[in-house]
Amino acid sequence: MSDVTHQKAGRTWTVASNGITVLKRPYQVILDGNNLAANGECLTFTDLPAIGSAHPNHPGLYVDNYEIEEGSGTDKKCVNVVVTYSPRTYETQTIDQATVSNQVEEWGWAGGEDERELTTAVDGTAVLNSAGDVFDAVPTIKSPAPIFRKVVKFESRQSGWGSYMCCLNSAAVTIGGISFAARTLLCMVGEQRVIGDAKWRYRYTIELRYRSNKVKLAGSSSATEIGWDVAIADAGMREKDDSGKLVLIRSRDAETGEACTVTTPELLNGSGKRVTRSGETAPTPYNLRFQAYDTATFPGWFYSEPTDAQVGSGTNANS
């Protein structure tokens, strides 16, 4: 079928602050030797601007659709077509949602702050007073505790999520290409019922709070990452005698020369004995490590980076 197409007078357009937003151009198409009644509804016509093509004179305007009207009677061979141009604001990429098991709404890190006990300074120095004794209370400091947060929706309730509440990672975890040592991520999980969404019915908010705390443990000369565990210098006012019995630590009064019991904690060596001091050299404290939280192996969906399909709702819009 060889059609003859003519552009007609009667263009219409809409002007806004950013220029022409909609432009319509009418055409008349004369069908050669046939008509729409015999040929059915046509999707394309000879010499009309193709859908998606750019306007020759107005950058940013593209053919959006055709409005087609056929004649009646013998005029069925004459078809009026209005071509509508409009801005292209996005292109769509279809995503097969049947293959997507969940949808991610948030993924990333935010700032946070926490307090931690300080037993080893950043330069490796033991935190003791000038006499080489422990302080009455373990010093605490403010420290960064960034929070990783992921919000993800599922079609059905996820079982077992509550068992990870207030647990630490039992092994190293990699998030966004960065590895976090065992016991440095404290987990909190929340569940919400999604209202008004036919597909995604449950929303889970996972927060992993990171904490780094490097301490010289058990008299070691090198620091160990203990994360959310607690370290404290071994100290007390009692020690074990040679038989293993606990006795009050005694010292000699500097003024009277009499033996007396100590009135403040003395450093212990990790075996219940007072640390032996050599001259004026500050002793090396025996830092004890205590585990404050249970550990667990976090499921991968708690922290995995989402795919393009998991952040879409059926289509992706690209400006």
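**Strands and rings**

Mentor: Let's start with Ser86, which is found in strand 5; strands (E, at least two residues) and helices (H or I, at least four) are DSSP runs numbered from the N terminus. Bear in mind that this is a predicted model, where local features need pLDDT of at least 70 and side-chain atom pairs count only at pLDDT 80 or more, while totals for chains, interfaces and linings use all residues. Residues are numbered from 1 along each chain as its sequence is written, and side-chain values use heavy atoms, with hydrogens and water left out.

Trainee: Is Ser86 buried or exposed?

Mentor: Buried means under 20% relative accessible area, exposed over 50%, and partly exposed in between (1.4 Å probe, protein chains only). Ser86 has 15% relative accessibility, so the label is buried.

Trainee: Which residues does Ser86 touch, not counting residues up to four places away in sequence?

Mentor: A contact here means heavy atoms within 4.5 Å. With residues up to four places away in sequence set aside, Ser86 touches Thr21, Gly60, Leu61, Tyr62 and Asp64.

Trainee: In strand 5, what is the bridge partner of Lys24?

Mentor: Two strands pair if DSSP finds at least two bridges between them. Strand 3 and strand 5 (residues 78–87) run antiparallel, paired over 8 bridges. Within strand 5, the partner of Lys24 is Thr84.

Trainee: What kind of pair do Tyr164 and Phe298 form?

Mentor: Their centres are 6.4 Å apart, with 80° between the planes. These two sit in distant parts of the chain, 134 residues apart, and both are buried. The pair is edge-to-face.

Trainee: Why is the pair of Tyr204 and Trp301 called edge-to-face?

Mentor: Tyr204 lies in strand 15 (residues 202–210) and Trp301 in the loop between strand 26 and strand 27, so the pair ties together parts 97 residues apart in sequence. The ring centres of Tyr204 and Trp301 are 5.9 Å apart, and the pair is edge-to-face because the planes meet at 75°.

Key: Phe/Tyr/Trp six-rings, centres within 6.5 Å; stacked < 30°, edge-to-face > 60°.
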